[in-house]
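The points are grouped by topic and may be followed alongside the sequence and the structure.

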Amino acid sequence: MGKKEILRGQAVSTGSRNGLERLYMNLYQSEALLILGNCASGKEILKEVLIGKIKEYEGQFFWKEEPISGKQMLEIIQAHEVFYANPEEVLIEGYTVAENIYIIRNKRKGILPSRRSMNIQAANLLRELGFPLKPDRLVRELGYFEKLLVCLAKAASYESKVILFDYMDNILRVNDLLKIKGMMQHQKQMGQSFIIFAEKFDEVRQLADRVLLMSDGRDKKAALIGEIHKDEIPYYWLGEAYDRKRLRPTLAGRAEEDRAGRRNILGIYDKDWGTGEDAVEYLRELYRDNADRLSGHRDYFQEVLGSTGKKNRDCVCIENKEYDKLLREIPLAQNLLLPRNLREVCSRTSRIRETVMVEEFYKQFRFLRNRNRQYSDYFFYKLVAIYRFERFHRSLIILDNPFLQLDVAEEEHMREYLLQLSQKAKLILLSHRLHEIDRTADTIIYVEDGEIIRADKGIA
């Protein structure tokens, strides 16, 4: 016998811009399906259809291999047989973990269980799922990952047939991934299925059995997770045919590139590194504690050691903080002027000069004019943040998690830009995700608990 199909969508369309256009998908029992799409792929529209936020659509859904109407689909969702594990949608901050699991249950009436009973039931469930949470902890005190675990525990308590959740690549870490994977394996044995929505492929692939590639509101390819190569994903998203010649370079090609003297990029991999930390102070402490082991890389650290905070003219640190404010509050041309002189921003800069600056920016990033591909605002802000410092010839640029929140295609564009930039300046890439820097950096320094474990060459 083949696998039992639990949910299928056939020619589902919403008719709205960036919506669904005759999308086909299917999900089997005890399976994890990864929905992989860029920011304008239509995966968010699909999600809203599956959780009942969008009720008007064309096409047909099947539940347990039986056709169902739109009304029946809503009844299935309201009965929590399809459950969206989203902390913002599900949890109440002022309630405890146990209360969120056992009190907040839509359309259920009757006598509420005692607090002691809820705590016992929640403790048993959390222990069974392998979640390190205390049932009496307030949800507002938890981080995003712990809140996600509460949502997944709530879905397990409902015995939901299909559980949907978003894989936040910029927040979740390797250890978090292992905890979710263990829970999913346990629940799949109980017959539950999962749909995971993501924009990046590197780590989330460990959670999935199959992947559905989406672009322009359509399903571009569905395959087992092992049959999808990362390098082919951008070509489906860009609407181009898959070209095997564009796969990553051969070892011979890499050796030839190495002989040509590729780049001046130092990667620092620290699994405990977190966005929001002071990168300059982190690098200073790292050098102070490991000066002997870093003596061969002193040229990268001399600007950091000699800097007096962030005002050093030769060294700049670009952090992952509120990039959206760059262009939301200040025009692009003025953003490109900011590093030189704030007085210059306030002066009456000629419109001709501003126009020239913006044209130079788009000349550098020609791909942004591609009307067939909508790039995320976050990616655009990152490019602006780096480019504006490139214009003023900084000798060292420190980048905090430069590939964070970028989809596969955006990541490749960012990598190409950094390789070009490394011909003009030295770069230090700080990241807690090894796969994001090992194809970019010349040398990767592995850090654990503030100490350098080893230094290796990058694979690219």
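**Helix packing around H6**

The axes of helix H6 and helix H7 (residues 174-189) come within 11 Å and cross at roughly 5°. The model is a predicted one. The two helices, H6 and H7, are therefore roughly parallel to each other, since an angle under 35 degrees counts as such.

- On the H6 side, the contact with H7 is made by Phe 145, Leu 148, Leu 149, Leu 152 and Ala 156.
- On the H7 side, the contributing residues are Asp 176, Lys 179, Ile 180, Met 183 and Gln 187.
- Divided by class, the contact of H6 with H7 has 7 nonpolar, 1 polar and 2 charged residues.
- H6 (residues 144-158) also meets helix H5 (residues 115-129): their axes come within 10 Å and cross at roughly 105°.
- H5 and H6 are therefore roughly perpendicular to each other, as angles of 65 to 115 degrees are classed in this way.
- Leu 125, Leu 126 and Leu 129 of H5 make this contact with Ala 153, Ala 156 and Ser 157 of H6.
- The contact of H5 with H6 comprises 5 nonpolar residues and 1 polar residue, with no charged residue.

**Helices H16 and H17**

- Helix H16 (residues 377-390) packs against helix H17 (residues 408-421) at an angle of about 5°, and their axes are 11 Å apart.
- H16 and H17 are therefore roughly parallel to each other.
- From H16, the contact involves Phe 379, Lys 382, Leu 383, Ile 386, Tyr 387 and Glu 390.
- From H17, the contact involves Glu 410, His 413, Met 414, Tyr 417, Leu 418 and Leu 421.
- The residues of the contact of H16 with H17 comprise 8 nonpolar, 1 polar and 3 charged.

**The six-stranded sheet**

- The strands of an open sheet of 6 strands follow the order E6-E7-E8-E3-E9-E10, and their pairing is mixed.
- Strand E6 (82-84) and strand E10 (218-224) stand at the edges. Each of these edge strands has a single partner strand, so one side of each is left without a neighbour in the sheet.
- From one strand to the next, the twist of the sheet averages 20°.
- Helix H1 (residues 43-50) packs on the sheet and touches strand E3 (32-37), E6, E7, E8 and strand E9 (210-215). The direction of H1 makes about 145° with that of E8.
- E7 pairs with strand E8 (residues 193-198) in the parallel sense over 5 bridges.
- Phe 165 stands opposite Ile 196 in E8.

**Asp 166 in strand E7**

- Asp 166 lies in strand E7 (residues 162-166).
- With 11% relative accessibility, Asp 166 counts as buried, because the limit for that class is under 20%.
- The side chain of Asp 166 forms a polar contact of 2.6 Å with the side chain of Lys 47.
- A polar contact of 2.5 Å links the side chain of Asp 166 to that of Tyr 84.
- Leaving aside neighbours within four places in sequence, Asp 166 is in contact with Lys 47, Tyr 84, Asn 86, Tyr 144 and Phe 197.

**Thr 440**

- Thr 440 is located in the loop between helix H18 (434-437) and E15.
- The relative accessibility of Thr 440 is 0%, and Thr 440 therefore counts as buried.
- The side chains of Thr 440 and Arg 415 are joined by a polar contact of 2.8 Å.

- Most residues other than glycine have a negative phi.
- Lys 64, a residue other than glycine, has a positive phi, near 55°.
- Lys 64 is found in the loop between strand E4 (58-63) and strand E5 (66-68).
- At 34% relative accessibility, Lys 64 counts as partly exposed.
- Asp 449 likewise has a positive phi, of about 55°, although it is not a glycine.
- The loop that holds Asp 449 lies between strand E15 (443-448) and strand E16 (451-457).
- Asp 449 is exposed, with a relative accessible area of 64%, because values over 50% count as exposed.

Technical notes
Residues are numbered from 1 along each chain as its sequence is written. This is a predicted model: local features need pLDDT of at least 70, side-chain atom pairs count only at pLDDT 80 or more; totals for chains, interfaces and linings use all residues. Side-chain values use heavy atoms; hydrogens and water are left out. Axes are lines fitted to C-alpha atoms, for helices over the stretch in contact, and angles run from 0 to 180 degrees between N-to-C directions. Helices (H or I, at least four residues) and strands (E, at least two) are DSSP runs, numbered from the N terminus. Angles under 35 degrees count as roughly parallel, over 145 as roughly antiparallel, 65 to 115 as roughly perpendicular and the rest as oblique. Contact means heavy atoms within 4.5 Å. Ala, Val, Leu, Ile, Met, Phe, Trp, Tyr, Cys and Pro count as nonpolar, Asp, Glu, Lys and Arg as charged, and the others, Gly among them, as polar. Buried means under 20% relative accessible area, exposed over 50%, partly exposed in between (1.4 Å probe, protein chains only). A polar contact is a pair of N or O atoms within 3.5 Å; within protein, one must be able to donate a hydrogen and the other to accept it, and residues adjacent in sequence count only if both atoms are side-chain atoms. Two strands pair if DSSP finds at least two bridges between them.
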